[in-house]
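Dear colleague,

Here is the structure I promised to pass on, with my notes below it. Please read the notes with the coordinates open beside you.

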Amino acid sequence: MPKTYDAIVVGSGMTGGWAAKELTEAGLETLVLEAGRPITTADYVEHVPPWQMRFRGLDDRKKRLADQPIQRECYACDEYSSKFFVNDHDNPYTTEPDKPFLWLRGRQVGGRSIMWGRQVYRWSDLDFEANLRDGIAIDWPIRYADIAPWYDHVERFIGISGEKLGLPQLPDGQFLKPMALNCGEAVVRDALAKHWPGERVLTIGRCAILTEDHNGRAACHYCGYCERGCVTLSYFNSINATLPVARQTGKLTLRPFSVVHSLIYDKKRKRVSGVRVIDGETKHAIEFRARVIFLCASTLESARILLNSATPDFPSGLANSSGELGHNLMDHIMGGGANGKISAPADKKPVGRRPNGIYVPRFRNLAGGPKSTFLRGYGYQGGAGRDGWGRGTDLPGFGADWKKALRDPGDWGFGFYGFGECLPNHNNHVEIDKTKNDAWGIPVLKIHCTYGDNEWALMKDASIAAAEMLAAAGAREITPFVDQNPPGKAIHEMGTARMGRDPKTSVLNAHNQAHDIPNLFVTDGACMVSTACQNPSITYMALTARACDYAVGAMKRREI
Amino acid sequence: MDRRSALGLLTATMAVASAPDELLSLGRSLHQRIVNGRRRVLNAQQDASLLVLTDLILPATDTPGAKAAGVNAFIDLLLAEWLDTEDRDRFLKGLGDVDTRARAAFGKDFLQGTPEQQAALLVAFDDEAARWKASPEATRGPEPFYRTLKWVTLFGYFTSEVGATQEEHYAIIPGRYVPCAPADTLAPSE
């Protein structure tokens with residue numbers, strides 16, 4: 001008789017780490033299953049200088065094209081950090097030829113929390129009420145008041161640096177002191193404050209990077225390459241923060257190389273009873289049992305596991321009596337913005353590599369404000385900097401004087417890069433592609449996803465508004481753009497197992513618990529009902545901690 | 001400069017003209033490649049030409065130059081392992097054209113010219129690259145060989161240990177972020 005754990009958590013990344021921490025701290029014997037290899041801080045390469053890399057950071061281009069033709073589309077999948085991204089041949093998926101989708105994935109202990117973008121923005125009721133207000137899809141079953149204490153809980157633990165603004169659309173959080181704007185960014189901030197007082201606000205990015213020592217982790221030393229790891233544990237990821245706490249409880253079993261095939265459903269009890277795993281190395285099948293199961297495998301992987309877990313009772317996928325499993329896939333649309341050269345102090349330059357930029361919170365379609373021709377809104381990330389030696393290619397001349405001229409910093413440049421909300425659409429969905437298996441013999445996903453007119457309208461407006469703001473700041477050589485990014489590129493994929501009040505139209509309830517199967521929880525991005533325009537990880541983490549608290553209570557009450 | 005633009009620059013197509021004498025010179029370079037054991041793609045003459053060209057672009061001053069940084073060896077690595085065959089051949093063709101231009105200008109291969117003759121030729125290349133950049137051609141490619149060379153020399157130099165530490169004062173661990181430091185602070189501009 002195999003051991004029955006109190007809880008199994010599938011995935012060890014952003015949300016899996018949180019589930020592990022919360023469940024073990026509540027005293028549950030918890031098994032965390034991670035598909036990929038174990039990594040430790042010894043795998044971190046943030047302090048390796050370019051001259052110790054074979055291609056000096058230009059990447060092993062031919063190898064990347066051969067092994068990771070999809071993953072390399074992510075800026076972080078480079079010569080240093082490509083080891084944190086999957087091999088595309090071992091981990092295939094399919095799309096229709098004219099509907100590209102980028103599934104950018106990390107399979108290792110820590111998952112994508114190792115190389116995430118670290119931007120942290122709370123949602124507000126502008127976001128939680130959006131679907132109801134617009135009559136689109138279904139309403140969120142929760143409001144800001146439900147999640148606010150859990151944002152506090154998560155932020156206090158992980159440490160978020162940021163500036164309080166008092167904006168209703170972007171609630172303030174539990175902040176450590178903010179990083180500094182450089183003097184180019186201050187010029188643009190002041191121009192926005194002058195031309196759009198109270199409406200368009202430029203602030204330093206709110207990020208999961210410590211500016212002060214916090215919970216045994218050191219403040220950032222500005223080496224600048226968080227996606228390569230951090231030996232001082234200064235940015236948040238699960239191996240730096242949540243998993244060590246879970247381990248300290250003595251209740252954690254972490255099993256890497258555990259590729260989850262599907263969940264085991266007990267028809268008589270109408271519960272999930274365990275997990276079917278393919279060992280990542282030996283490829284042997286193995287099963288694990290638990291009283292409660294948390295899927296924290298990432299939006300698409302959690303959907304895939306449930307779809308691959310179909311039974312006679314759930315022929316179209318486990319916990320899918322609503323028919324919504326796999327549907328309503330979303331990803332932020334990104335890449336509407338503008339660049340320009342700004343007039344900032346010529347005798348100043350920023351020094352040190354700040355792994356963070358600026359943020360301009362959403363200013364379109366706010367409560368009580370003017371309505372745009374499109375729904376929802378967008379926010380900007382970006383920043384200012386001065387050209388370095390790279391400008392030498394087009395700086396006329398060569399030789400000693402030219403080399404000396406390159407010692408002076410070049411022009412001040414500024415860029416706004418927009419991230420817009422993606423509307424839920426039932427037609428954007430995933431299904432199992434029965435014609436293809438991955439390297440472990442598990443059927444893969446076929447992904448059908450395209451952006452609609454509203455998403456592109458947001459990015460067009462984002463490019464115009466960015467150019468307008470640069471003009472207001474006195475910029476020259478202003479270049480507006482709308483990058484034609486396919487969905488998936490923002491790596492903010494959401495939906496496929498949405499929350500909701502009605503079991504007929506949603507997969508999960510207000511506590512991320514499957515309507516159909518009370519001991520099954522899904523707390524990664526799959527649960528999202530809409531996308532807002534803010535980076536989503538902090539919301540996933542808060543929902544995970546909240547769902548864990550609920551599950552522990554339900555277990556104590558013997559409901560599950 | 002990010003990796004994507006670097007890739008764009010290095011793979012930017014350059015015009016190729018084929019002619020019998022170029023086939024002959026290809027045969028010659030293949031022979032010299034066998035003779036030269038130090039480099040994997042560059043023959044001895046190409047290697048020596050690149051050493052001079054890169055060091056003219058970034059010479060030793062109060063800090064070491066491209067020669068000390070081994071930029072020619074880094075270019076050889078990119079030619080051997082990074083570039084596709086077509087782009088590698090275009091680069092080598094462009095390098096060969098430097099000799100063609102040298103013979104037209106001063107009647108000798110580039111390496112046999114005086115430092116003044118070599119520098120004068122680079123002035124011409126530099127002017128041509130600037131004119132190309134300002135022309136409508138720049139949005140369509142192909143970029144001149146010299147512009148590719150100038151970029152890869154900069155990249156190879158500033159990512160080398162001597163270039164990064166002695167010329168740019170690059171620190172692996174800056175330790176702090178100074179948002180508005182004096183512009184002459186000995187640190188890279190970020």
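The contact between the two chains of this predicted model draws on 47 residues from chain A and 42 residues from chain B. On the side of chain A that touches chain B, the elements giving two or more residues are α2 (61-67), β12 (348-351), β14 (378-386) and α9 (400-405) of chain A, and of these it is β12(A) that gives the most, with four residues.

Turning to chain A itself, I would point you to an open sheet of three strands, ordered β3-β17-β16, in which the pairing is mixed. Because β3 (94-95) and β16 (429-437) of chain A each have a single partner strand, they stand at the edges, and one side of each is left without a neighbour in the sheet. β3(A) pairs with strand β17 (residues 443-448) of chain A in the parallel sense, over two bridges, and here A:T94 stands opposite A:K446 in β17(A). Helix α8 (residues 299-307) of chain A packs on this sheet, where it touches both β16 and β17 of chain A, and the direction of the helix makes about 65° with that of β16(A).

With best wishes

Conventions
Residues numbered from 1 in each chain as written. Chains lettered and ligands numbered in written order. Predicted model: local features only at pLDDT ≥ 70, side-chain atom pairs only at ≥ 80, totals over all residues. Contact = placed C-beta atoms within 7 Å. Pairing = 2+ DSSP bridges. Axes fitted to C-alpha atoms, helices over the stretch in contact; angles between N-to-C directions.
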